[in-house]
Each structure stands twice: as structure tokens, then as C-alpha cells.
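Here is a friendly walk through one protein model, written to be read beside the picture. Please keep the sequence at hand as you go.

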Amino acid sequence: MNKVTPYKDVSWYIKWTASYLLITATVLRAAGICHTYDVALCAVGTAMWGYVGYRWNDRALTLINTAACLVLTTGLVKILFQ
């Protein structure tokens, strides 16, 4: 199977960093540890994936991750300023 995504460029590093952040957030959520960090890590991870989608000209990645980032950021603001 041939890879079609860029390798070792800026988007490659961003995609893997975002993936690790989202995995960490999922572990925090599953363990019931600090909901605020879970939401914050998800917001950052989805923002990063949204940027990767933009760099790759992938509208589906850009749309879903931008929408998720906006929802998560709204939730984070609500958590922090309640």
C-alpha cells in the first residue's frame, strides 16, 4: 500500500502530536481524571488536525475538526468561567 500523505514535513509532526494529545485526552476521559484537561487536550488536538486537513486540502478533515474544536473550546470556556 502506497502512502499518499506527506512524510516528515511540518504536517506530519503536527498530525502525530495531535494524535498523541487526543489519545491522552481519551485516557483521561476513560479514567475519569480531570475533565478540564480532557476538554483542553481535545480542543488543541482537533485544532491541530483541522490545520493538517487544511494543509492537505482535505475538506472532510478540516470541517469535522474545526467544528469539534469550536464546540470543545466553547465547552472549555464554560468550564473555566462558571
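To describe how helices pack, axes are lines fitted to C-alpha atoms, for helices over the stretch in contact, and angles run from 0 to 180 degrees between N-to-C directions. This is a predicted model, in which local features need pLDDT of at least 70, side-chain atom pairs count only at pLDDT 80 or more, and totals for chains, interfaces and linings use all residues. Residues are numbered from 1 along each chain as its sequence is written, and side-chain values use heavy atoms, with hydrogens and water left out.

**Overall layout**

The protein has three helices and zero strands, and its elements run α-α-α from the N terminus on. Helices (H or I, at least four residues) and strands (E, at least two) are DSSP runs, numbered from the N terminus. Along the principal axes, the C-alpha atoms fill a box of roughly 45 × 25 × 20 Å.

Of the 82 residues, 29% count as buried. Here buried means under 20% relative accessible area, exposed over 50%, and partly exposed in between (1.4 Å probe, protein chains only). Contact means heavy atoms within 4.5 Å. Among the contacts with a separation of 6 or more, 54% come from residues 24 or more positions apart.

**The first helix and its partner**

Helix α1 covers residues 10-31, which is 22 residues, and reaches 32 Å from its first C-alpha to its last. That is close to the 32 Å expected at 1.5 Å a residue, where the expected span is 1.5 Å times one less than the number of residues. Which residues of α1 are buried? They are S11, W12, I14, K15, A18, S19, A25 and L28, and the buried residues of α1 pack against α2 (35-55). An α-helix has 3.6 residues a turn, so residues three or four places apart point the same way.

**How the helices pack**

| Helix pair | Angle | Distance between axes |
|---|---|---|
| α1 and α2 | about 155° | 8 Å |
| α2 and α3 | about 155° | 8 Å |

The angle makes α1 roughly antiparallel to α2, and α2 and α3 are likewise roughly antiparallel to each other. Angles under 35 degrees count as roughly parallel, over 145 as roughly antiparallel, 65 to 115 as roughly perpendicular and the rest as oblique.

α1 passes α2 in a left-handed crossing, and α2 passes α3 in a left-handed crossing too. A crossing is left-handed if the near helix is turned anticlockwise from the far one by less than a right angle, and right-handed if clockwise.

Helix α3 spans residues 59-80. Where α2 and α3 meet, the α2 residues include V39, C42, W49 and Y54, and those from α3 include L61, C69, L72 and L76. G50 of α2 also belongs to this set. A67, found in helix α3, is 17 residues from G50 in sequence and 8.9 Å from G50 in space, C-alpha to C-alpha. With a relative accessible area of 35%, A67 is partly exposed.

**Backbone points to look at**

Most residues other than glycine have a negative phi.

After α1 comes G32, whose phi is positive, near 75°. C34 sits in the loop between α1 and α2. Though not a glycine, C34 has a positive phi of about 40°, and at 34% relative accessibility C34 counts as partly exposed.
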